[in-house]
Amino acid sequence: MSELSTEQWTIIRDYLARRAGLYLDDSRMRQGRMFVQERYRQLQISPAAYTLRIQDPTNASEVQWLAERLANHETQFFRNPAHFRALREHIFPELQRVRSPLRPLRCWSAGCSTGEEPYSMAMVALQQWGNPPSRPISIWATDLSHVPLERAIAGEYRGRSLANVQADYKQWFEQQPNGSLRVSEAARSLVQFEQHNLLDALPHWAYQLDVVFCQNVTIYFQLETCRQLIERIYAAMAVGGYLLLGFSESLWGIFDRFETVEVAGAFIYRKGDGQPKPRPTVERPITTPLNKPVEPTPARPRPITRPIVTVDVPKVPDVASLLAEARTLRAQGQQRRGLSLLATIAPNQRQPAILALAAQLHADLGQNEQAAAEARRALELDVLQDAAYVVLGMIELNQGAWDKAINYLERASYLVPESPTIAFHLAESYRHQGRETAALRYYQHALRKLAQHSSSTVIDGIAVGWLRSACERWIGSLEASQGTF
């Protein structure tokens, strides 16, 4: 049976993005093609026939099958502890004050995967209002894929997904004979699971929503798809409702109608009333008519003086300084601390450069899928982010996709011609591609730039001494193979 062509893969990938919102960038091409080839061989049809099959609007189950196997379903209970702390300490108490006690609170976990997120929301609600809750609350949880939803409904978990469960919440689990923990009936009864494609119209119950979790979902969407989804969510939310996104899902340059608020150390979005803020009242001076005799002004009592109370106004973080500090942490091998530092930057200040640096940090940690999504979003917002090109180029280089690696790294080199590491990676890509002359030129270029640094220095996570040695070794080898003396 013939292999899937690049053209056929592109058609399938683009159709999957339009119908399921799941855009598979080049970093996931190998995995995607593998699943497609497995599928059409299982069906015993040709790649061309499968390409037609998946585009058949009457055969939506095929899109569903492929999307379920390609979506990222990894999650944990209380995955973003700061967000759940904000939910417990601020959001639920505030909603308790401002919402009628007879009105059910309406919550949605969009892209709930295997259920850890909505069950975490339910456990916070039980801690807040008791069992059964003293006020009505409804939690809907949706996902594109049936397979993780079946696991979510079963409610049994073990291992890594339970790592963030604190002692206060362990009462909402029941030990099972097989060693797993099952979410208690009290928590499961608050959550309703439903299959839903976020690219479709929102479900009938999605109106006047008070809390929406949509974490690590939109970062994998293309920019316009993300904007359209956020617009629909905004329209479905009640005034005063809260939207909680993942760190990399900043709405900077995408959607500006939410208010950004900091609560319990977390940055979240709030739907305001959309009304302009009232201007402060200014007393106008009383003027005396020109034709009226001026009367003596009675002495005014002396004002009572009070000590001036100074209010500490929180300083706006210097984004440039935080970026520099996060880059220093990366050079020191402290990637997780670097990511934690970036998380302290308010979403309305998370410029593309911050996303590009987050992509570098995630790539250093081996989280290539997250890194690629962040790098692509950074480039969608600003095509001059050289670090984003480097991340994508390195992912392609490590996957053996030399042409794509060269494409990204050449753009990065154009933007930062003085970088020895970009020149080195570009030389590596050319060498693997068999373009020895180009490889030799870039190894020499990298070596010249490395002369400015001591051997003990680390640049972009690589020791200068090692880089210099590698360049010298390959220059000697390539010159010998070309007969250059």
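Guide: A disulfide here is a pair of cysteine sulfur atoms within 2.5 Å. With that cut-off, a search of the whole structure turns up zero disulfides. Before going on, a word on the source: this is a predicted model, where local features need pLDDT of at least 70, side-chain atom pairs count only at pLDDT 80 or more, and totals for chains, interfaces and linings use all residues. Residues are numbered from 1 along each chain as its sequence is written, and side-chain values use heavy atoms, with hydrogens and water left out.

Back to the sulfurs. For Cys 214, the closest cysteine sulfur is that of Cys 226, and at 8.2 Å it's too far for a bond. Cys 214 is buried, with a relative accessible area of 0%, and Cys 226 is buried too, at 1%. Buried means under 20% relative accessible area, exposed over 50%, and partly exposed in between (1.4 Å probe, protein chains only).

Now the packing. A nonpolar core is a set of buried Ala, Val, Leu, Ile, Met, Phe, Trp, Tyr and Cys residues joined through side-chain atoms within 4.5 Å. The largest one has 44 residues, and Phe 77, Leu 87, Phe 92, Met 123, Ile 137 and Val 211 touch the most other members. Its largest share, eight residues, comes from helix α6 (residues 116-129); helices are DSSP runs of H or I, at least four residues, numbered from the N terminus. Take Leu 87: leaving aside neighbours within four places in sequence, its contacts (heavy atoms within 4.5 Å) include Pro 93, Met 121, Val 124 and Phe 213. Apart from this core lies another, of 27 residues, among them Phe 221 and Ile 230.

Note on methods
Helices (H or I, at least four residues) and strands (E, at least two) are DSSP runs, numbered from the N terminus.
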